Amino acid sequence: TFAMAAAAMELKRLGLARKPMFVVPNHMLGQFSSELLLLYPGANVLAAGKDDFASAGRRELMSRIATNNWDAVIVTHSGFERLPISTAAQKQFFQTQLEELEACIREVKDGRGSRIVKEIERAKKRLEFKLESLAAEHRKDNTLTFEELGVDRLFVDEAQAFKNLFYTTKMTRVAGLPQSASERAFDMLLKVQHVQRINGGGGVVFATGTP
């Protein structure tokens with residue numbers, strides 16, 4: 001905790017970060033905030049709990065994050081998932097994935113078994129369905145998106161909670177490759193990519209004390 005807190009606060013002090021965000025396990029919000037303030041008693045910290053993310057207060061929370069000069073914004077794992085990523089970013093990502101799958105299909109069709117082609121085509125259909133769902137989706141509450149909050153550094157504690165991201169592969173039935181696809185990991189991926197884009201590929205720290 002001290003290592004992450006010091007990294008964020010020193011980046012801010014040196015003018016290398018504007019608004020660091022910490023993503024911590026749900027039960028660690030109070031402890032993490034206290035330890036950060038123990039190290040930097042004068043820090044301007046926003047710690048957002050469960051009530052802040054309730055539908056009634058979410059819009060106000062998003063505005064507070066976006067409009068204030070916070071030294072650190074601390075949110076829980078579940079709260080982080082409720083910060084919406086823009087539809088445009090999701091569409092762009094799915095479109096890139098579709099292009100990769102189409103390239104895979106063309107490559108595999110050159111003589112490597114129809115079963116692999118069928119599996120890749122099924123993955124392509126799933127992505128197309130997600131794109132269609134996005135096109136039909138209307139945001140329930142007109143809040144700001146993650147990109148509009150001004151967060152430019154991301155520190156994720158107990159980062160192993162975001163494992164099992166989906167992947168594209170031309171191989172099938174490989175022992176040890178999970179077949180699950182975590183929505184939580186996908187949400188994290190899009191937000192990580194946004195932070196990395198504005199930092200030239202950096203700006204993200206994944207931390208854990210769990211082997």
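D152 is buried, with a relative accessible area of 5%, where buried means under 20% relative accessible area, exposed over 50% and partly exposed in between, computed with a 1.4 Å probe and protein chains only. The structure is a predicted model, in which local features need pLDDT of at least 70 and side-chain atom pairs count only at pLDDT 80 or more, while totals for chains, interfaces and linings use all residues. Residues are numbered from 1 along each chain as its sequence is written, and side-chain values use heavy atoms, with hydrogens and water left out.

The mean pLDDT of the protein chain is 86, and 87% of its residues reach 70 or more; pLDDT is the predictor's confidence in each residue, from 0 to 100. Confidence is lowest in helix 6 (residues 114-136), at a mean of 76, and highest in strand 4 (residues 153-156), at 98. Helices (H or I, at least four residues) and strands (E, at least two) are DSSP runs numbered from the N terminus.

Strand 4 is covered on both faces, with R153 and F155 buried on one side and L154 and V156 buried on the other. In a regular strand the side chains alternate between the two faces of the sheet. Strand 4 pairs in the parallel sense with strand 1 (residues 20-24) over four bridges, and M21 stands opposite L154. Strand 4 also pairs in the parallel sense with strand 5 (residues 204-206), over three bridges, and there the bridge partner of V156 is F206. Two strands are taken to pair if DSSP finds at least two bridges between them.

The loop between strand 4 and helix 7 (183-198) holds E158, which has a positive phi of about 50 degrees although it is not a glycine. N164 is found in the loop between strand 4 and helix 7, and N164 has a positive phi of about 65 degrees, again without being a glycine. Both residues are partly exposed, E158 with a relative accessible area of 22% and N164 with one of 33%.

A search of the whole structure finds five salt bridges, a salt bridge being a side-chain nitrogen of Lys or Arg within 4 Å of a carboxyl oxygen of Asp or Glu. Side chains of opposite charge can pair when their charged atoms come close. Among the five, the side chains of R18 and D152 meet at 3.8 Å, N to O. This pair links distant parts of the chain, 134 residues apart, with R18 in the loop between helix 1 (2-13) and strand 1 and D152 in the loop between helix 6 and strand 4. R18 counts as exposed, at 54% relative accessibility, whereas D152 is buried.

A salt bridge also joins the side chains of E81 and R184 (3.1 Å, N to O). E81 lies in helix 4 (residues 77-81) and R184 in helix 7, so the pair ties together parts that are 103 residues apart in sequence. E81 is partly exposed, with a relative accessible area of 33%, and R184 is partly exposed as well, at 26%. Within helix 7, D187 and K191 are four residues apart and therefore separated by about one helical turn; their side chains meet in a salt bridge (2.9 Å, N to O), and both residues are buried.
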